[in-house]
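Please look over the structure below before reading the notes.

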Protein chains: 2
Amino acid sequence: MQLLKDRILSDGKYLGNGILKVDGFINHQVDPVLMDACGKELAECFKDSGATRVLTAEISGIAPAIMAARYLNLPVVYARKTKPVTMPNTVYLTIAPSHTKGRMVELIVSPEYLPRGEKVLIIDDFLASGETILGLVRLVEAAGCELVGVGTLIEKTFEKGRTMLEQFNVPVVSLAMISAMNEDGTIAFLDD
Amino acid sequence: MQLLKDRILSDGKYLGNGILKVDGFINHQVDPVLMDACGKELAECFKDSGATRVLTAEISGIAPAIMAARYLNLPVVYARKTKPVTMPNTVYLTIAPSHTKGRMVELIVSPEYLPRGEKVLIIDDFLASGETILGLVRLVEAAGCELVGVGTLIEKTFEKGRTMLEQFNVPVVSLAMISAMNEDGTIAFLDD
């Protein structure tokens with residue numbers, strides 16, 4: 001998606017150590033018009049997926065997921081990283097490593113909002129190592145639901161997360177596929 | 001806003017201890033169509049506020065804030081509760097008590113996204129005691145910005161947060177104003 005790639009080039013910044021700073025338009029300051037356009041594009045990609053529900057992870061998955069879900073007219077569920085007092089005592093919980101936090105995080109979903117038999121589209125901001133998305137897939141499986149697709153804003157193809165997802169045999173769509181982030185700060189896309 | 005009040009009555013649940021469970025449509029599962037309608041309504045209320053930026057707090061403020069900001073065509077900044085590696089070392093930080101977490105939480109904004117002189121509209125999911133919103137106002141003041149309004153989805157008028165905000169002399173709008181949550185589970189609105 002050219003709009004997103006252009007924005008990454010103009011406002012993204014490679015900080016080294018595989019960390020791409022996109023907090024000027026995705027995960028601290030958010031450009032809602034860009035997110036809306038990305039959500040519309042992801043919704044178009046998955047309009048025939050049969051999805052009945054969108055699943056994401058707090059925090060930075062919420063903006064793209066809610067925008068895509070609005071176009072698909074589906075509820076969004078975001079996995080919580082801490083269990084709030086409003087959640088029942090028995091939940092679906094998995095742990096996944098967080099690279100930006102440097103530790104394991106919990107991903108928690110209430111069974112109320114992931115009932116058996118739902119067809120689930122996972123939307124997140126990044127596909128990097130795929131660990132967070134694999135965690136979400138484990139929640140989908142624990143709930144007896146079916147994964148029908150995975151959509152993300154930005155994929156770092158060199159972190160091989162896509163390979164980890166092949167086993168599920170569902171469409172995996174990323175709106176911007178970064179093939180290299182170089183020490184001189186330049187960013188290259190797969191399809192350029 | 002009748003649509004939101006109807007949804008609170010049909011899907012909200014009073015859990016006791018002042019806790020209203022709305023995680024079926026606002027803060028775990030999200031109804032993006034409802035959030036879009038709420039965002040549109042808040043945007044209409046503040047269209048003449050002169051706001052140049054929307055500020056909210058992660059996590060559950062993100063959905064209403066991004067929808068309102070989309071209609072206002074403004075960037076959203078969400079205060080983080082932990083400092084990610086992508087944030088600079090020097091930030092605006094305040095602490096505020098969280099009732100649902102039962103402890104103090106940090107609210108952190110990067111100076112990059114709250115430059116001096118901005119006119120800030122705060123949007124959040126709840127106005128209860130007002131502590132989180134007061135924390136956001138302190139960040140606005142620390143940044144040398146001007147508060148121009150506060151908009152929330154649900155106000156619990158009996159927790160008196162509105163009184164705390166009177167000192168700022170800006171419009172405070174809540175789309176559903178709950179005046180009582182009773183032990184028998186019934187919920188009453190201020191204007192019914």
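The points below concern a predicted model. They begin with the annotated site in chain A and then turn to a helix in chain B.

**The annotated site**
- An unreviewed UniProt entry carries the annotation "binding site" for Ala128(A), Ser129(A), Gly130(A), Glu131(A) and Thr132(A).

**Ala128(A)**
- Ala128(A) sits in the loop that links strand 8 (119-127) to helix 4 (131-142) of chain A.
- Ala128(A) is classed as buried because 24 C-beta neighbours lie inside 10 Å, and the cut-off for buried is 20 or more.
- Apart from neighbours within four places in sequence, the contacts of Ala128(A) are His99(A), Lys156(A), Glu159(A) and Gly161(A).

**Glu131(A)**
- Glu131(A) belongs to helix 4 of chain A.
- Glu131(A) has 17 other C-beta atoms within 10 Å, so this residue is partly exposed; that class lies between the limits of 12 or fewer for exposed and 20 or more for buried.
- Glu131(A) is in contact with Ala96(A) and Pro97(A), when residues up to four places away in sequence are not counted.

**Helix 3 of chain B**
- Helix 3 of chain B spans residues 62-72, and it is largely enclosed by the rest of the structure because ten of its eleven residues are buried.
- The buried residues of this helix are Ile62(B), Ala63(B), Pro64(B), Ala65(B), Ile66(B), Met67(B), Ala68(B), Ala69(B), Arg70(B) and Leu72(B).

Methods. Residues are numbered from 1 along each chain as its sequence is written. Chains are lettered from A and ligands numbered from 1 in the order in which they are written. This is a predicted model: local features need pLDDT of at least 70, side-chain atom pairs count only at pLDDT 80 or more; totals for chains, interfaces and linings use all residues. UniProt positions are given in the numbering used here, feature names are shortened, and annotations may be inferred rather than shown by experiment. Helices (H or I, at least four residues) and strands (E, at least two) are DSSP runs, numbered from the N terminus. Two residues are in contact if their C-beta atoms, placed from the backbone, lie within 7 Å.
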